[in-house]
Amino acid sequence: MTTISWQPKLIVASLLLALTYLWLQSANPELERRNRLQTTLRIIELHDAELMRDILMARAGLLSNYDALTKAGQELLRLSQSLRTDLEPVGGEAEKRLGALADKLSATIQERLAMIEYFKSDNALLRNSLMSFNEMGKSLGTKAKPNYTPPLENLWRMMLAFLETPEPTLARDIQLELDRLSGLGPRSDDDKILIAHGRLIIEVLPKVDTLLREILDQSIIVRVDDLQQALRHYSDAVEQQAQAYRLSLYLVAVVLLAYLLYQFAMLRASTLSLRRAHANLQQAEAWLRESEAQLRAITDSAHEAIVSADVAGNIVSWNHGAKLMFGYSSEQALGQPFQQLLVNPQPTADPTIAMQESTGLRQNRARFPVELSLSSWSRGAERYITAIIRDISSRKHLEEVARQQELQLIQANKMKALGTLVAGVAHEINNPNQLISLNSGLLAAIWSDALDILEDHYQTTGEFSLGGLPYTEMRGTAGVLIHDIKDGAKRIERIVAELKNYARPQHSGVSVAISVNAVVERAVRLLSHLISQKTRRFKTDFSAALPLINADPQQLEQVVVNLLINALEALSDPENAVSVATRLLDNGDSVCVEVRDEGIGIVAEHIEQLCDPFFTTKQANGGTGLGLAIVASLVRAHGGRLKFISSVGQDTCAQAIFPATAIQADETDYAQ
Amino acid sequence: MSMLFSHAYPDGLTKTNVIDALSHFERSLLTPNARFDRFLNGDATALDADEQQGYRLFTSLGCVACHQGINLGGNLFQKFGIFGVPQTTPNQADGGRYSVTGNERDRGVFRVPSLRNVAVTAPYFHDGRAANLETAVNTMAEYQLGKPLAKQQRTLLLKFLQTLTGEYLGKSLAVDNKPKP
């Protein structure tokens, strides 16, 4: 990414560099120089013109001195020198040419100044001679001797003509005249001076004029023009180059602008896409949040505790169900070790076992059965374990009930089978038992009769053996044995009868509406002897105005009697109390007979088994284990139920509860 | 001295520097306010009658043809000896301007000197051949103007030349009013 972001910077920087370079190049530093040079050239022209004027004036004798001339010359020299310095060639063909031209101009000026020097010298001589000639001529004229006049006049005239038009022929004539004059014999000093100056004039004047012509011919203006021309050319070239640079500058600026616009467009595009992406992200985030909320709602609404822990076993998530189940709030639970939730935590919960049962531990240290479903998942490098914990105490309870019911069903089936068996077998047992019973009676009589005879035999014969035993021993025992047979037969008879009663309760078919109080009263009367024998503290509590119940009076009486006997037999001391009470239950829908004793009580485990046939704690006392089974059976047959509440060593309460009829018990009936 | 010079010219004693120093010095050698200057500026009493006559001679004899301008000369070159060759001198071999230009025409040509302070700047000419002003004036009149001077003329001219002595830094340069013997 960084390389990509560097690129535009480099491009912009290089474009800016190019712009700066082109700008510097396109600014024309030559312009000022050119103006300066042009000005210098113009000044040179002006000074040259001035110089020309002064020379002409000097030639005409109108210039009083040469100071101005000298000054102008010096100025020209200085200017041409500065021009040369300015145009010192630094490179480039055009510049070299300019330098050469400047050199030429400077040389020309120097040449001209040299010629002017000569001109000045000659002119000074000429002016002096002319003046002298003039002066001399005038003075000669005034004091001249008559014979001198004609030749002098002639000379004078010729000189004037010469001054007017300095022609070589005229010069020669004057020369001849001067020669002639000097050849005329001894002259005065004045004459000599006159002749000398005349000669000088003739000699110098053409020279001066030639010089003047040369000076005038030699054109500084041409040189200046050349230089100006070249300068213009050169400036044009430079200007053209600058123009090219300016054009490039413009182009580069346009490129830069275009590039910036392009970058701006790119930026805009990325901003838009970024904004879109942001919107999408926000949307996604909203969805995610919603989905998370949904998930949380689902998790929280679950009745199961859903708990996640990291690899170290610390809880990282805790749902509402978990809070309800374990009692910890999520603030308390998060970060705590997961293992504290279980009573017997496995060292490492094995996630391969999808479902396992364990025992949970609530915050209040209460234990409860749980079903644990473990699953592991990972996010990034982290691994997590999620446990879905279900409180299965109610299910356990239901299972237990179902198991009990199943057991009861099995028991009932067993009983039913037993009943059928008993019904079939009873007769088969009773018949031989009758024989045993009858025969044992007969045998007793026989033994009684035979005993006298055997006694006599003993008396006479002494000891003898009866059935392998000595008679003296048998004498006493045999009677008992025979009596035992009779008792055994009787016992068999009773068991069979009770079995028959239990298995197939006799339905007398007499189901009448009767008063419970009356039945209980009758049962108590029946057992009054036993009651008084067992306890001194017996009491009855009959609730008045009880509704009647539909029942067989005999069977109901049997139920009450059985319960009373059991109560009385549980007493260990006559001081222990027994009470019988009748009561209205369930808002008058049921009638209850309650027998309460302060006996030995019933062990909790036995309560469930009390009504099982052949369950007895009184085996030794001849209990058959069928009494309460029959009672329960009878109560069930009347649509009622039997209930025992007991605490060992204190008291027992047995309740027989029957559905009530709508008929109100008649007090008078009860009174009977 | 050399320390002062190197103080003014850090790169030391070079030809350019010496020329520069000398020209600067010479530019400071202004000697204005000669009596003749005052006369020309309208002070008619600055020159006495003889001197004024001398001035008139200076003009009419033709001296002024070369000794003209603000410095009475100094602005042109002239051949030494127009009318005849002056007496040979110790420095006869001096080519004059010829040694600068190499032009044959310039042989024996010298710069026409300024006549300011001429009375106090003996000896005279390029080789100092004239020990006094009178000799110099004689030579000039004879060989340059071709006009030998009368005694009276020379006296007047010399008197005039005395009036050209100016002041340097406000102090008159005139040592005495008379030409040196």
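Just after helix H17 of chain A, A:Gly639 takes a positive phi of about 75°. Helices and strands here are DSSP runs, numbered from the N terminus, with at least four residues (H or I) for a helix and at least two (E) for a strand. The model is predicted: local features need pLDDT of at least 70, side-chain atom pairs count only at pLDDT 80 or more, and totals for chains, interfaces and linings use all residues. Residues are numbered from 1 along each chain as its sequence is written, chains are lettered from A and ligands numbered from 1 in the order in which they are written, and side-chain values use heavy atoms, with hydrogens and water left out.

**Helix H17 of chain A**

- Helix H17 of chain A spans residues 627-637, and eight of its eleven residues are buried, so the helix is largely enclosed by the rest of the structure.
- Buried means under 20% relative accessible area, exposed means over 50%, and partly exposed lies in between (1.4 Å probe, protein chains only).
- The buried residues of this helix are A:Leu628, A:Ala629, A:Ile630, A:Val631, A:Ala632, A:Ser633, A:Leu634 and A:Val635.

**Domains**

- Chain A is divided into domain 1 (28-228), domain 2 (302-391), domain 3 (397-501) and domain 4 (509-671); the bounds come from an automatic or database domain assignment.
- Taken over C-alpha atoms, the centres of domain 1 of chain A and domain 4 of chain A are separated by 180 Å.
- Chain B is divided into domain 1 (1-30) and domain 2 (34-172).
- In chain B, the C-alpha centres of domain 1 and domain 2 lie 30 Å apart.

**Interface of chain A and chain B**

- The contact (heavy atoms within 4.5 Å) takes 23 residues from chain A and 25 residues from chain B.
- Between them the two chains bury about 1,800 Å², with 57% of it on carbon and sulfur atoms; buried area is the accessible area (1.4 Å probe) that two parts lose on being put together, summed over both.
- One salt bridge is found across the interface of chain A and chain B, a salt bridge being a side-chain nitrogen of Lys or Arg within 4 Å of a carboxyl oxygen of Asp or Glu.
- B:Arg105 and A:Asp122 form a salt bridge, with their closest N and O atoms 3.0 Å apart.
- Twelve residue pairs, both residues at pLDDT 80 or more, are in polar contact between chain A and chain B.
- A polar contact is a pair of N or O atoms within 3.5 Å; within protein, one must be able to donate a hydrogen and the other to accept it, and residues adjacent in sequence count only if both atoms are side-chain atoms.
- On the side of chain A that touches chain B, the elements giving two or more residues are helix H3 (67-86), helix H4 (93-143) and helix H7 (189-217) of chain A.
- Helix H4 of chain A gives the most to this side, with twelve residues.
- The residues on this side of chain A divide into ten nonpolar, eight polar and five charged. Ala, Val, Leu, Ile, Met, Phe, Trp, Tyr, Cys and Pro count as nonpolar, Asp, Glu, Lys and Arg as charged, and the others, Gly among them, as polar.

**Salt bridges within chain A**

- Over all chains, a search of the whole structure finds 34 salt bridges.
- A:Glu177 forms a salt bridge with A:Arg180, the closest N and O atoms being 2.5 Å apart. Both residues lie in helix H6 (residues 168-182) of chain A, three residues apart, about one turn of the helix.
- A:Glu177 is buried at 8% relative accessibility, whereas A:Arg180 is partly exposed at 39%.
- A:Asp179 and A:Arg199 meet through their side chains in a salt bridge (2.7 Å, N to O). This pair links distant parts of the chain, with A:Asp179 in helix H6 and A:Arg199 in helix H7 of chain A, 20 residues apart.
- A:Asp179 is partly exposed at 35% relative accessibility, and A:Arg199 is partly exposed at 28%.
- A:Glu557 forms a salt bridge with A:Arg522, with the closest N and O atoms 3.0 Å apart. Distant parts of the chain are linked by this pair: A:Glu557 is in helix H15 (residues 553-570) and A:Arg522 in helix H13 (residues 516-526) of chain A, 35 residues apart.
- A:Glu557 is buried, with a relative accessible area of 14%, while A:Arg522 is partly exposed at 32%.
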